[in-house]
Amino acid sequence: TCEDVVCRSCIAADHKGHDYSGADYYRRRCQKLEFDLNSVCEKITAVINALAALTNRENEIKEQGEAIKEEIHVMVEELVDVLKQSERQLTREVDTIIDSKLKVLLEQKKSAETRLSQLKNCKEFVEQSLQTGNPQQVLMAEKQMTEHMIHVTNEVNMEDFELTEKTDVKLTKDGNIVDTLHHIGIVFTPTTLQQCKIEKIDPQQLTIKKEMVSFPISLKYHDASFLVVPLSSINCHVFPAGIPVNTPDNLQVDDSITTTITTTAHPGVYMIHCSPL
């Protein structure tokens with residue numbers, strides 16, 4: 001009739017006549033706590049994996065930044081003093097882009113490390129209570145421990161740790177670099193891709209093999225030559241005839257035909273493959 005933890009003597013005194021549970025009740029409550037602890041352990045593993053992926057991506061972006069700056073430096077050395085101003089300009093752009101990407105990853109890492117610390121502290125606290133606490137202490141703290149475990153696991157949203165910086169950074173060199181010394185290249189960003197125009201597709205270039213249809217596309221940035229971009233930055237959606245896609249609001253990716261994109265022997269020309277049949 002009450003939830004107090006009592007000794008054998010108290011049953012015959014202050015709690016005489018009260019219903020009570022024995023040691024098996026305590027064991028069941030401990031088992032429940034251990035079961036609830038599994039969700040904490042699972043979240044710890046998930047956060048550790050997410051943190052590792054964020055760290056790997058962070059290193060990749062740093063390496064890309066250094067590689068691009070070296071590429072810029074070599075190009076500038078070949079064109080001597082007239083290109084020095086362009087070198088500094090492009091280097092600043094790379095640093096800005098890389099710093100922006102690293103800032104996002106750093107915030108994700110800090111958040112992941114904070115959640116991981118909270119999960120580990122919760123795990124250690126519950127394990128320590130189960131190992132060192134007596135039945136009275138464990139049962140009295142059970143509700144608090146359960147609520148705390150539920151709270152720390154619910155606070156972890158794995159979507160917060162998903163990689164958002166997936167687009168690789170790439171330097172796009174100007175094919176007419178000698179004639180355009182004032183602008184020696186483009187540091188590729190998603191914004192750059194949005195400003196590109198797709199060259200008109202020639203129906204005579206369509207090839208059909210079995211149930212696979214392939215056709216080439218190329219991108220132009222303003223009046224520059226074909227733009228060479230990383231495949232990780234290109235998505236192509238092909239829609240069956242009859243589906244209205246005249247405006248961005250009408251685009252429904254679910255209605256599109258699955259495509260794959262490959263490079264060709266010609267820089268800046270990409271091959272689109274799809275199976276619409």
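Colleague: Which helix does Glu87 lie in?

Modeller: First off, this is a predicted model, so to speak with limits: local features need pLDDT of at least 70, side-chain atom pairs count only at pLDDT 80 or more, and totals for chains, interfaces and linings use all residues. Residues are numbered from 1 along each chain as its sequence is written, and side-chain values use heavy atoms, leaving out hydrogens and water. Helices (DSSP runs of H or I, at least four residues) and strands (runs of E, at least two) get their numbers from the N terminus. With that, Glu87 sits in helix H3.

Colleague: Does Glu87 count as buried or exposed?

Modeller: Buried is under 20% relative accessible area, exposed is over 50%, and partly exposed is in between (1.4 Å probe, protein chains only). Glu87 comes out at 15%, so it's buried.

Colleague: Do H3 and H4 run roughly parallel or antiparallel?

Modeller: Their axes (lines fitted to C-alpha atoms over the stretch in contact, with angles from 0 to 180 degrees between N-to-C directions) are 10 Å apart and meet at about 165 degrees. Under 35 degrees is roughly parallel, over 145 roughly antiparallel, 65 to 115 roughly perpendicular, and the rest oblique. So H3 and H4 are roughly antiparallel.

Colleague: Which residues of H4 make the contact with H3?

Modeller: Contact here means heavy atoms within 4.5 Å. H3 brings Gln118, Leu119, Cys122, Phe125, Val126, Ser129, Leu130 and Thr132. H4 answers with Gln137, Val138, Met145, His148, Met149, Val152 and Thr153.

Colleague: What is the relative accessibility of Arg57?

Modeller: Arg57 is placed in helix H2 (residues 23-78). Leaving aside neighbours within four places in sequence, its contacts include Leu105, Glu165 and Asp168. Arg57 counts as buried, with a relative accessibility of 6%.

Colleague: Which residue in S7 is the bridge partner of Ile261?

Modeller: Strands pair if DSSP finds at least two bridges between them, and five bridges join S6 (residues 259-263) to S7 (residues 269-274), which run antiparallel. S6 and S7 form a hairpin with five residues between them, and Gly268 in the turn has a positive phi of about 90 degrees. Across in S7, the partner of Ile261 is Ile272.
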